[in-house]
Amino acid sequence: MKDNMIFIDWGTSKAAAFLVNAEGTVLDSRHSPKGIKFVPEGGYPDAYAELTAGWLDSSRFTLMAGMVGSANGWEEAPYIALPANPASIADRLYAMRSMPGVYMVGGLSYESPEGLYDVIRGEEVQILGLAAENPGAKFLICMPGTHSKWLTMENERIDAFTTVMSGDIYAAATSATIIAMMVGDDQEFSEEAFLRGVRTAQGPGGVMSHLFRARTFFLFGKLAKQHIKAFVSGVIIGSELASMRGLYPFDRPVDLIASDALGANYALALQSLGVESRQHESGALSVKGMSLLARHIQA
């Protein structure tokens, strides 16, 4: 009897699949390094079969989220324009043409009053998972990563969000600028150097000026060579927090959706600025969010 569901969070660099029963309990899970950038042309059916091997006979349908539904993915699932809530997102789930019984979450798009655009694809199910854990609550959410996401949510409604290219800037600064010429192979995390970067970023001048302090602090013996990356990370995260503080109300704890040390670094930076935070594991929230949407699928 087909009582189970399959949820797949399929991103750019990796994929996670979960076999879930009707009550939302995870029965089995798999993690694969085959994100969409590693799937060859025409290779999605085989990659899907590998992720779901042995599960299909007991499952009613599959629900996928993430970059698998982008223009560079398996099939493009259209974005859902804000404002949005769980019901409106569920109403717009995309049924795949090439794979019956497989659905995609389309992601969210936002156009600001100034005519600026922003998009989320994959993170929206984690946001819904957080809302499902705390119905009706108010949130200030930060989702650290290559492209960090910031938003407020109240009564499960999302009206706007902001993307910050923090991870991309960190990678570029430490691999393709003068800072890269200073960085050796012996880098180690230093809380002191990291927090110096956070504090530096709170001053005038902007991130492009603050990043150069990595060179000058090193030149004048104020920053150890092995702590340069920690300082740069502090500058970039500190700059992100400074800019988002001008857009969002920091009068409540920040809910960090992150599953690794990056979330701990954001929590440390926020604490140094007198802001409380709560950290949530992203994989568990993805399952909760997709479970919420799956209730609307009739299959």
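Two strands are said to pair here if DSSP finds at least two bridges between them, and strands of a sheet in general pair through backbone hydrogen bonds, either parallel or antiparallel. In this predicted model, six strands form an open sheet with mixed pairing, and their order is β3-β2-β1-β4-β7-β6.

**The open sheet**
- Strands β3 (26-32) and β6 (94-95) stand at the edges, and because each has a single partner strand, one side of each is left without a neighbour in the sheet.
- Strand β1, which covers residues 4-10, pairs in the parallel sense with strand β4, which covers residues 59-65, and five bridges link the two.
- Within this pair of strands, Ile-8 stands opposite Met-64 in β4.

**Asp-255 in strand β14**
- Asp-255 lies in strand β14, which runs over residues 254-257, and it counts as buried because its relative accessible area is 1%, where the cut-off for buried is under 20%.
- The side chain of Asp-255 is joined to the side chain of Arg-278 by a polar contact of 2.9 Å.
- Beyond its neighbours within four places in sequence, Asp-255 is in contact with several residues, among them Leu-130, Phe-139, Cys-142 and His-280.

**A nonpolar surface patch**
- Ile-178, Met-181 and Phe-212 make a nonpolar surface patch of about 320 Å².
- Met-181, found in helix α5 (residues 178-182), counts as exposed because its relative accessible area is 72%, where the cut-off for exposed is over 50%.

Key. Residues numbered from 1 in each chain as written. Predicted model: local features only at pLDDT ≥ 70, side-chain atom pairs only at ≥ 80, totals over all residues. Heavy atoms only, no water. Patch = residues over 30% accessible without salt bridge, like charges linked within 9 Å, V, L, I, M, F, W, Y side chains within 5 Å. Areas by Shrake-Rupley, 256 points an atom, 1.4 Å probe, with all protein chains shown as cover. Salt bridge = Lys/Arg side-chain N within 4 Å of Asp/Glu carboxyl O. Helix = DSSP H or I, 4+ residues; strand = E, 2+ residues; numbered from the N terminus. Buried < 20%, exposed > 50% of the residue type's maximum accessible area, 1.4 Å probe, protein only. Polar contact = N/O pair within 3.5 Å; in protein donor to acceptor, adjacent residues only side chain to side chain. Contact = heavy atoms within 4.5 Å.
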